[in-house]
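Here is a short briefing on one protein model. Look at the structure first, then read the points below.

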Amino acid sequence: MTGKRETKEWFNMTLSVSERIIGFVGTGVMGKSMATHFLQAGYTVLVYTRTKEKAADLLAAGAIWKEHVSELAKEANVIITMVGYPSDVEEVYLGADGIVANAKPGTYLIDMTTSKPSLAKHIYEEAKKHELYSLDAPVSGGDVGAREARLTIMVGGDQEVFDAMEPVFTIMGTNVVLQGGPGAGQHTKMCNQICIATNMIGVCEAIAYAKKAGLDPERVLTSIGAGAAGSWSLSNLAPRMIAGNFAPGFYVKHFIKDMGIALEAAEEMGLMTPGLALSKSLYEELAANGEADSGTQALIKWFEGK
C-alpha cells in the first residue's frame, strides 16, 4: 500500500471520542488547562511533563501519567506538545527517545509551542518520512484563553491534516485558522508577538502617564479601553498592572524567547522591526532585575522604576 493511499484511508477514518487517545506533553500554565478540556470532553489523555507535580491536578482528574515521551508516543494517536523553548521542541520531537522515532504511523503531531518556523518545517519533513502528520499550531490568548477554551490557534501544515484535526482544535479554541503550509502557523504567531510587544509599551506608558497626571487609572481604562486604543492587553493586563498582580499568565522569559525568534526571522527576511527590538531590550532589563518568571504585565515596573 502506498503512503498516499494510507493517508487517504486514515483521513477517512472517523475516530470516536473513546477511540481517540490524546497524548499531551507539557502541562504548564497553559498546557494544564488545555489538557483539562480533553478530559472534560471524555477523551483518554496521556500526559508527560518534566516535573510530575505539575500534572498532579490532571492525574487526579483522570489523566494517565507516562514516564517518558517515547512511552506516550507509542500509545497516543494524537500528540499535542506545549513546551518552553525551540530546543525543548527539537528534543521532544527529534531526539532518539522522542515523538517522531516512537509514534505509530498515522499519528497526528500538533506542536502548540511558540517556536521557530524553520524548526516546524524540519519536524514536518521528518514526520512525513515516518508516515506521521505534523502541524505547527501556536496559540494566543494567555492563561485566560486557555482556561476558558477561547484560544486563537494559528496553524501551519497540509489542508487535509488540518481538516482531520479541526475538531481537536475546537476543544481548546474558538478562532482556529489554517494559515498555510508548514511553518506558517509559527510565522503568524510572530506577527502576533510583534503586535503585542509594542502594544505593551503603549499600555505601560499610558498607565504611568495617568498616575503622574493624578488620574484614577481604572477610570481611565473605562474610557480608553472602549475606544480606538482598545486592545487585549489593555483590557486584560492593564487591570493586573494597576492591582499589582504580576502572576504569570505568560512568562517574561518566554516572551523574550518569542521576540528573539521574531527578530531572527525578520532579519533573515531583511525586515527592520525597531519597535520589537526596543520591547525586547526593555524586557531583558526587566528579567535581569529578577522578573523573568513574572507575567508580561510586570513591564509596568520598568516604567514606574520599581
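The pLDDT is the predictor's confidence in each residue, on a scale from 0 to 100. This is a predicted model, in which local features need pLDDT of at least 70, side-chain atom pairs count only at pLDDT 80 or more, and totals for chains, interfaces and linings use all residues. Residues are numbered from 1 along each chain as its sequence is written, and side-chain values use heavy atoms, with hydrogens and water left out.

**Confidence**
- The protein has a mean pLDDT of 93, and 94% of its residues reach 70 or more.
- Residues 1-13 have a pLDDT below 50; beyond near neighbours in sequence, this stretch makes 16 contacts in the model (contact means heavy atoms within 4.5 Å).
- Where pLDDT is low, the predicted coordinates should not be read in detail.

**Overall form**
- The protein has 16 helices and nine strands (DSSP runs, numbered from the N terminus: helices are H or I with at least four residues, strands are E with at least two).
- Its C-alpha atoms fill a box of roughly 70 × 45 × 35 Å along the principal axes.
- Among contacts between residues at least 6 apart in sequence, 67% join residues at least 24 apart.

**Burial**
- Of the 306 residues, 51% are buried (buried means under 20% relative accessible area, exposed over 50%, partly exposed in between, with a 1.4 Å probe and protein chains only).

**One residue**
- Glutamate 284 lies in helix α15, which covers residues 274-291.
- With a relative accessible area of 36%, glutamate 284 is partly exposed.
- Glutamate 284 and valine 252 are 32 residues apart in sequence, and their C-alpha atoms are 8.6 Å apart in space.
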